[in-house]
Amino acid sequence: MAEPETPRTDRSPWNWLLVVPIVVPLLTFLYNHDEPRIAGFPLFYWLQFAFILLGVTTTTIVYQMTKRKRSKP
Amino acid sequence: MSDHITEIVIFTLLFLLVSGMGFVASRWRAPKDMAHLDEWGLGGRSFGGWITWFLVGGDLYTAYTFVAVPALIFGAGAAGFFAVPYTVIIYPLFFLILIRLWSVSHRHGFVTPADFVRTRFDSPTLALVVAITGIVATMPYIALQLIGIEAVLKTMGVTGDSVLARHLPIIIAFAILAAYTYQSGLRAPALIAFVKDTLIYIVIIVAVIWLPYKLGGWNAIFDAADAKFQASPSPNDGIILNANNQVQYFTLALGSALALFLYPHSITGVLASKNRDVIKRNMSALPAYSLLLGLIALLGYMAIAAGVKPLPGTNPGTVDSNTVVPVLFDQQFPAWFTGVAFAAIGIGALVPAAIMSIAAANLFTRNIYKEYLRKDATHAQEANVAKITSLVVKIGAVACIVFLDPQFSIDLQLIGGVIILQTAPAVVIGLYTRWLHRGALIAGWAAGMGIGFWMLWQIPNAATGRKHFGGSAFPLSEFGFDTTRTIYVGFVAVLVNALVAAIVTLALRAAKTPEGVDGTEPSDYLADEGDPRIERQRTTPVDNVSST
């Protein structure tokens, strides 16, 4: 078995993308409104639900982009 | 009691099913030798993507969350929805930071965050501080899981009036839980989590489709909640936030995310996964639970629209707001479905309670027993001590609920969130840099604890008429700011903690106080499954960690 190499760094510019889902959900002025409602949900609720999707999307992108290359099956 | 008989039967059957699974779990993916703390306390560090997803999900989203968050929304509205941003920001944080803790722990065989701190800063004292903080913060959290079960039992009417009759069902449930955790370790909650989460997902999906249909649509639900909050005299409720509680909202979300991250039970769940990939993939998949939690939170508004009246509390004249969701289900659904929902909450309490007691037991074993009581303990002795400690921890949690006012556990959990945050500079900053001095970290911890307690002590609760520990929202006017805004106590305390740690570091450097030797090297923080150095260490069991 070939020895897997430990990379020298886990830094990647892609990691900065994760700042977005950490900071955006904390900005209350973005979502602290009742209107417009979608399907009866005030903005406050549907936008914060949408942030879950934002979190999933950004972590998935960063994971795919920073994945270590596997040299063997 | 007789009108709840179907619910009780279904609840009992499902409960017995998972108890059986808990005992069988010891043979699931069984190792050759169970007498090792890695096996009992971390499931052999072998969990793949699916198991980790269910385990960590079942661990972070507890039964108490399922009853308390909607109860908060029911009572205060939008402020209770902080649980959603809180559980959104936690995963990118885990992704960036906790992955390094996994690597260094994998490389050195650390079982607890305090193990890491000990080796990184060469300080058993700092490790002891981190371990005790972890244990103290976890205990009331376990007790709260009992409150979650109790809310369900109360609604089914199986709790009597005397002290013993009121608590007997819980004592039995916890005795069974304690027995299979003792036998199977982390494998038990990992296996049960499959059942728990499947039940929860089914129940909630059905509830959020059926209830709005029955209650006249989401518009009507939010309008009913709005009307209730407009009519109430309290200035800080409403279906959106007001000018005063926005700072509290986001500092609470951020502070809770950091705290959750540091709780021993979440770290135990993460360390049990088998490689970095499993953790990273899970950070994209775990937010499915946040969606679930958001929907569960909104059950609070549905309860308002359905006109739910919470059951009376233990003390005369009070109401037990935790019964809001159980009562809602009891009113709106056929008995068999309510039984399933109640079982989901009841089992939902068992998974985190088991993991928390294992995490507390690991801390005691590694950082108190092995460090101070028996330095030459073998792996088998470690595993044995941890098993016994997990029993003691559960007895303690039951005793808290039986002998003390449940409010006391809720207060303690509030304090627990604030104090666990005080380990952040040592654990989180320590993963990146060793710049902070070990002595300074202890000083910062003490300062953070001091100011945290002082602030919590100052906060009254108008609703219950208590003068102290009434919540975590601290009025900024107490600091001399001319404002009516509030802020989360833990957030302030951890900032003070970090500031003191930085200043004392400079002072100790100037005084040339010894810093100790770092037992880790930079590449340790990037190690992954199959690292050749780990294989070498496992085959030649030289414990170079404790000899330094």
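Okay, some ground rules before the tour. Since this is a predicted model, local features need pLDDT of at least 70 and side-chain atom pairs count only at pLDDT 80 or more, while totals for chains, interfaces and linings use all residues. Residues are numbered from 1 along each chain as its sequence is written, and chains are lettered from A and ligands numbered from 1 in the order in which they are written.

Let's start with chain B as a whole. Along its principal axes, the C-alpha atoms of chain B fill a box of roughly 65 × 60 × 40 Å. For 548 residues, a compact globule would have a radius of gyration near 24 Å, and the 23 Å of chain B agrees with that. By the way, that radius is taken over C-alpha atoms, and the globule rule is 2.2 Å times the number of residues to the power 0.38.

How much of chain B is buried? Buried residues make up 57% of the 548. Buried here says that 20 or more other C-beta atoms lie within 10 Å of the residue's own; 12 or fewer makes it exposed, anything in between is partly exposed, and the C-beta atoms are placed from the backbone. Now contacts: two residues touch if their C-beta atoms, again placed from the backbone, lie within 7 Å. Among contacts in chain B with a separation of 6 or more, 83% come from residues 24 or more positions apart.

Next, where the two chains meet. The contact takes 38 residues from chain B and 31 residues from chain A. On the chain B side, the helices that each supply at least two residues are α5 (83-108), α10 (217-231), α11 (246-262), α13 (276-285) and α14 (287-305). Which of them gives the most? That's α5(B), with nine residues. The chain B side divides into 26 nonpolar, eight polar and four charged residues. For the sorting, Ala, Val, Leu, Ile, Met, Phe, Trp, Tyr, Cys and Pro count as nonpolar, Asp, Glu, Lys and Arg as charged, and the others, Gly among them, as polar.

Let's zoom in on α13(B). Seven of its ten residues are buried, so this helix is largely enclosed by the rest of the structure. Among the buried ones are Arg276(B), Val278(B) and Met283(B). They pack against α3 (43-66) of chain A, together with α3 (49-60), α5 and α12 (264-271) of chain B.

Two other helices from that list, α10(B) and α14(B), have axes that come within 8 Å and cross at roughly 75°. Axes are lines fitted to C-alpha atoms, for helices over the stretch in contact, with angles from 0 to 180 degrees between N-to-C directions. So α10(B) is roughly perpendicular to α14(B), a label for 65 to 115 degrees; under 35 is roughly parallel, over 145 roughly antiparallel, and the rest oblique. Residues making this contact include Phe222(B) and Lys228(B) of α10(B) and Tyr301(B) of α14(B). The contact divides into nine nonpolar, no polar and one charged.

Now for helix α6 of chain B, residues 113-121: nine of its nine residues are buried. Its cover includes α5, α7, α12, α16 (335-373), α19 (424-432) and α20 (438-458) of chain B. Just after α6(B), Asp122(B) takes a positive phi of about 55°.

Arg45(B) also has a positive phi, about 50°, although it is not a glycine. You'll find Arg45(B) in the loop between α2 (37-42) and α3 of chain B. Is Arg45(B) buried or exposed? Buried, because 20 other C-beta atoms lie within 10 Å.

Over in chain A, Ala39(A) has a positive phi of about 50° too, in the loop between α2 and α3 of that chain. Ala39(A) counts as exposed, because it has 9 C-beta neighbours inside 10 Å. Pro36(A) is found in the loop between α2 (28-31) and α3 of chain A, and the peptide bond from Glu35(A) to Pro36(A) is cis, with omega near -10°.

Last stop: UniProt. An unreviewed entry there lists residues 12-31 and 43-63 of chain A as "transmembrane region"; positions are in the numbering used here, feature names are shortened, and annotations may be inferred rather than shown by experiment. In the model, residues 12-31 are 45% helix and 0% strand, with end C-alpha atoms 31 Å apart. Residues 43-63 are 100% helix and 0% strand, and their end C-alpha atoms lie 30 Å apart.

Notes:
Helices (H or I, at least four residues) and strands (E, at least two) are DSSP runs, numbered from the N terminus.
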